[in-house]
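These are my notebook entries on one protein model.

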Amino acid sequence: MTNYDVLIVGAGIAGCALAHALSTLPRKFPLRIALLERSLAEPDRIVGELFQPGGVSALRQLGLEDCLDGIDAIPVRGYCVLNDGNSVHIPYPGANEGRSFHHGRFIMALRAAARKAKGVELLEATVTDLIEDHVGTVTGVRAIRNGEKEAWLAKLVFIADGCFSNFRAHVMGASGAQPTTRSHFVGAILKDAVLPIPNQGTVALCKGFGPVLLYQISEHDTRMLVDVKAPLPSDLKAHILDNIVPQLPSSLHLPIKTALANDRIRRMPNSFLPPVRQGSKKGVILVGDAWNMRHPLTGGGMTVAFNDVVMLRTLLASVDDFANWSEVKRAVRTWHWSRKPLSSTINILSVALYDLFGADGQSMFLLSVCSVIDCLIDDALAVLRTGCFKYFQLGGECVNGPVSLLSGIAPSPMLLAYHFFAVAFYSIWVMFTHPIAAHPLLAGEKEISQNRVPRLYQYPTLFLKALLVFWTACVVFGPLLWSEVRWWAPTHAGHGSSSLLLRTTMSLISTIGLAFLIYRQGLLF
């Protein structure tokens, strides 16, 4: 057995950054840190390639900014959103800039930096289980290295083995939450594709299907991620060619068809895992996607991970002995709440934005396909999606505020709530004042009113729909906010509540909070 001060399982984004960060802690003697990874070959993933400005700032604080050099990374200066032939430019405010790159190249740069850090050993080994003493405190890990079983002991163990964590359930026990997956990203690399605006992430809203995300990851490569909802179609390539490609700019058709013909496509689950307070299992801490995940549409995962490491380094600097669990636990509990402004903003925004951008907008009359309630909610989400796009078209703070939240520049759940419900009310305004084609519930009248604003006699129906739209906004935002406020898992004994009660309570809270925000700041439109 080999003894260390710290063991880190997983040499990915969070693991490498944490190993490097802990090596810089002021100590009389440098910490001995073992960073264990099952394969040190360059990983090949389709996500973790779009890095927001807030993450770049955290990387700089950790002294790891050089990891963005020499990997053919592309500057990212904002977004371009496409919707039904229209586009809106959403630049990052000021001189803020992100990066996009091949995930594997960035990981290898991080591993090289961790390997050079004082006291860090990067080891290729497959961790099989955790070692515990007679009272259940984790004291190390068992792993297979070069075909032989070995054991490593440490005062403190970090689990950073990613979204498919093998140890999440063991560490969290009954207090842990379970990841939920509503869709998958299907990925491909396009060669020499021309995006609508260079150095911008492109989000294409596809009618009846999930959004498509495109961004350049090297001089000649552009990543395409297509959101596909469950159940997945049997032929993913045919689905993309028949349903998605016709809704994308014509300049992308040939690169997409070439990529699908020549390369295999891969998929990754888009999972959501709310953070639950840790500390019940002594000697071990979950970090990164092993503990907290959000929808990858907004590219916020790495930003949250690096900012978590920045906070952990600061908090653990005051812990003289990592074997003193009471001190470590106090630091972990402080970290849980200190990270909330940034992590909650990005977590909530990622899922809320996906709910809007991924709205199906199905007709309420398709009763053979889905229930009336589901269709009404889908229809309300489609109204919110249209309103969100038109909200961005207003420009000014209607762009600067949301993109500052998304990029990690402005970590403020209050500002997020303000803009989310501003979008909700603006969507209702659009429904009453824009041509009837903007709101699907009235699609049956398209023969005579395709380009006509609603007539006065239609207002009672629209008023009822407006209530549904606002309720839907509350139902989307409220539970997400609650998942960040609570510190226990949703199924934790003694804390269970019915879905109806939760939605009603959170909708009421959202309404009261919205009234306060309007009173303080006023609507932007």
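What volume does the largest cavity have? I worked on a predicted model, and in it I found a volume of about 300 Å³ for the largest cavity.

**Entry 1: the largest cavity**

I next looked up which residues surround this space. The largest cavity is lined by 22 residues, and I noted Leu349, Leu353, Cys388, Phe392 and Pro402 as the closest to its centre. I then asked which elements give two or more residues to this lining. They are strand 5 (78-83), helix 9 (340-357), helix 10 (372-393), helix 11 (397-406) and helix 12 (413-433). Helix 9 gives the largest share, with five residues.

With a cut-off of 30 Å³ or more, the count comes to five cavities. The second largest cavity has a volume of about 60 Å³. I listed its lining as Arg168, Met172, Gly176, Ala177, Leu273, Pro274, Val276, Ala290 and Trp291. This lining divides into seven nonpolar residues, one polar residue and one charged residue.

**Entry 2: strand 11 and its partners**

I then turned to strand 11 (residues 148-159) and looked up its pairing with strand 1 (residues 2-9). These two strands pair in the parallel sense over seven bridges. Within strand 11, Trp152 stands opposite Thr2.

In which sense do strand 10 and strand 11 run, parallel or antiparallel? I found that strand 10 (residues 138-145) runs antiparallel to strand 11, and that six bridges join them. Here Ala143 has Glu150 of strand 11 opposite it. Strand 10 and strand 11 form a hairpin with two residues between them. In the turn I noted Asn146, whose phi is positive at about 55°.

Lastly, I looked up strand 17 (residues 284-286), which pairs with strand 11 in the parallel sense over three bridges. For Val157 I recorded Val284 in strand 17 as the bridge partner.

**Entry 3: summary**

I close with two points. Strand 11 pairs in the parallel sense with strand 1 and with strand 17, but runs antiparallel to strand 10.

Conventions: Residues numbered from 1 in each chain as written. Predicted model: local features only at pLDDT ≥ 70, side-chain atom pairs only at ≥ 80, totals over all residues. Heavy atoms only, no water. 1 Å grid on protein atoms, 1.4 Å probe; cavity = no way out; pocket = protein on both sides within 12 Å on 5 of 7 lines; lining within 4 Å. Points joined across faces, edges and corners; volume = space filled by probe spheres on them. Helix = DSSP H or I, 4+ residues; strand = E, 2+ residues; numbered from the N terminus. Nonpolar A, V, L, I, M, F, W, Y, C, P; charged D, E, K, R; others polar. Pairing = 2+ DSSP bridges.
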